[in-house]
Amino acid sequence: MKKRDFIISPTRYALILGLFGILLLSYIARAVPPVIALLYHQQFSRISTSHAQRALHTLRRAVRFDPHNPQYHQTLATALHQLSAEQSSLEESQRMMQHAAASIRQAIMLNPGDPWNYYELGRLEDEQHNCFTLPPEACPAQQYFLYALQKYPGSLFLRGVVASWLYPHDPAHALELIQSFLRRSPESTSPIFDLIWERYPDYETLKRFLPDTPKAIHEFSKFLYQHHLDYASDLEMQRAASPASCDAADVLQRSPDRRVLVLGHDDGSADWRSYLASEDTRIKKTLCLPDDVASYDEAVLQILMNRGVPGDCITDIYVNKELIQPLTHSIPHEPAWNEIPIDISLLHGKRAIHVYVRVRNASASGNYLQIMGDHDTPTARSVFNLDATRDLSLDNGIQQGEYMIRLVLKKH
């Protein structure tokens, strides 16, 4: 059978080329603008913040080439919000914030499931309209913040920041946001309280956010310790576990005329050392007081310690929550009993005191503090760092016993 030739006329050829060209142009029209927009968005991230107008121009180009990308609207809104605070003119600042709000609303329309868009819109509303005088349901910022948290309930950042913002306006709601979450996830106590601490660096306020569960209380104690609130940390630790009781005063020596009383647990001979070379380390010593402590006129701490060479670190000594005296060069290079007078009224009404020692500007290369220890008595009143009692030092081996910290009470 004879093969048939397939011949395309010039007219049909031109028509096919035209259709192909239209399809190609259509593809380019759809594919190229998003690519260009992406390039502009990437270029924005490389522009220095000192070139604000150039950065905004680049972002607006990204939005123009790909107006359906919610990320570009979100980035533009965030940039406008940040730059609005840098404007010298109130009118210009407000104009930029209005444009930022319009951009973030467009991002919400394109991606209503993104919680960060609602959070950003809440921040904008909060700065433009102070609604703390209004009922909660009439406050747009509050509604946006809570909606963001509803969209992303597992976000520690949103939960901590939203509760901190809400606390002055609706404290019951704010406390419930944190307490209900920490009952389920007590391991999140420290990261959440880090966020609340930024707005409320106060123990009594922070304590209100805490659920009354042992695990959360223990984590809160660790958080307070990390922020050098040692006495508050101990108070919480005692709530989480039964503390050692003071059945009797820790009497070490008493003068024949009963006018001088020495409280402590050591025999006067040092057997080991515990050195502090970081702000993250701490020494604690508890001393049980006599019932008649109010009858004494003077109180002096005695600590067997020395500093390294050069030993320029600062030593902070606390009795309960009171800073007694920062010490530097008055501490000798060789171990010796250092006497630190304290206000006798700090002891009144107390069954025991906690002595805390920390250092600042310290290092392991000579610029550290050493406190001596005695191993001839069981460890009962000494604690290293947060809760270590088995080993009271960073040195090799196990250092047990008691820190050589005493309290001397005197009558005139």
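Two strands are taken to pair if DSSP finds at least two bridges between them; helices (H or I, at least four residues) and strands (E, at least two) are DSSP runs, numbered from the N terminus. The structure described here is a predicted model, in which local features need pLDDT of at least 70 and side-chain atom pairs count only at pLDDT 80 or more, while totals for chains, interfaces and linings use all residues. Residues are numbered from 1 along each chain as its sequence is written, and side-chain values use heavy atoms, with hydrogens and water left out.

The secondary structure of the protein chain amounts to twelve helices and 13 strands. Of the 412 residues, 46% are buried, where buried means under 20% relative accessible area, exposed over 50%, and partly exposed in between (1.4 Å probe, protein chains only). The accessible surface comes to about 21,600 Å², and carbon and sulfur atoms account for 54% of that surface; accessible areas come from the Shrake-Rupley method with a 1.4 Å probe, and for residues only the protein chains shown count as cover. With contact defined as heavy atoms within 4.5 Å, 69% of the contacts between residues at least 6 apart in sequence join residues at least 24 apart.

Turning to the sheets, five strands form an open sheet in the order 7-6-9-4-11, with antiparallel pairing. Strand 7 (322–327) and strand 11 (382–384) are the edge strands, each pairing on one side only. On average, neighbouring strands of this sheet are turned by 20° against each other, direction ignored. For such angles, axes are lines fitted to C-alpha atoms, for helices over the stretch in contact, and the values run from 0 to 180 degrees between N-to-C directions. Helix 12 (residues 230–240) packs on the sheet, where it touches strand 4 and strand 9, and its direction makes about 130° with that of strand 9.

Eight of its nine residues are buried, so by the cut-off of under 20% relative accessible area the strand is mostly covered. Strand 4 (residues 283–288) and strand 9 (residues 352–360) run antiparallel and are joined by six bridges. Within this pair, Thr 286 stands opposite His 354, and Cys 288 faces Ala 352 in strand 9. Strand 6 (residues 314–319) is also antiparallel to strand 9, again with six bridges, and here the bridge partner of Asp 316 is Arg 358 in strand 9. In the loop between strand 9 and strand 10 (369–374) lies Asn 361, a residue other than glycine with a positive phi, near 55°. Asn 361 counts as exposed because its relative accessibility is 52%.

Strand 2 (residues 260–263) pairs with strand 13 in the antiparallel sense over four bridges, and Val 262 stands opposite Val 408 in strand 13. Six bridges join strand 5 (residues 298–307) to strand 13, also antiparallel, with Leu 301 opposite Leu 407. The loop between strand 5 and strand 6 holds Pro 310, which is joined to Val 309 by a cis peptide bond with omega of about 10°.

The helices deserve a look too. In helix 9 (residues 189–199), the buried residues are Thr 189, Ser 190, Ile 192, Phe 193, Leu 195 and Ile 196. Their cover includes helix 7, helix 8 (171–184), helix 10 (203–208) and helix 11 (214–226). Ala 101, in helix 4 (residues 90–110), counts as buried because its relative accessibility is 5%. Leaving aside neighbours within four places in sequence, Ala 101 is in contact with Leu 121 and Leu 124. Between helix 11 and helix 12, the loop contains His 228, another residue other than glycine with a positive phi, near 65°. His 228 is partly exposed because its relative accessible area is 30%.

Finally, Trp 116, Tyr 152 and Phe 157 make a nonpolar surface patch of about 270 Å². Patches are made of residues with over 30% relative accessible area and no salt bridge: like charges are joined within 9 Å, and nonpolar side chains (Val, Leu, Ile, Met, Phe, Trp, Tyr) within 5 Å. A salt bridge is a side-chain nitrogen of Lys or Arg within 4 Å of a carboxyl oxygen of Asp or Glu. Phe 157 belongs to helix 7 (residues 156–166) and counts as partly exposed because its relative accessibility is 34%.
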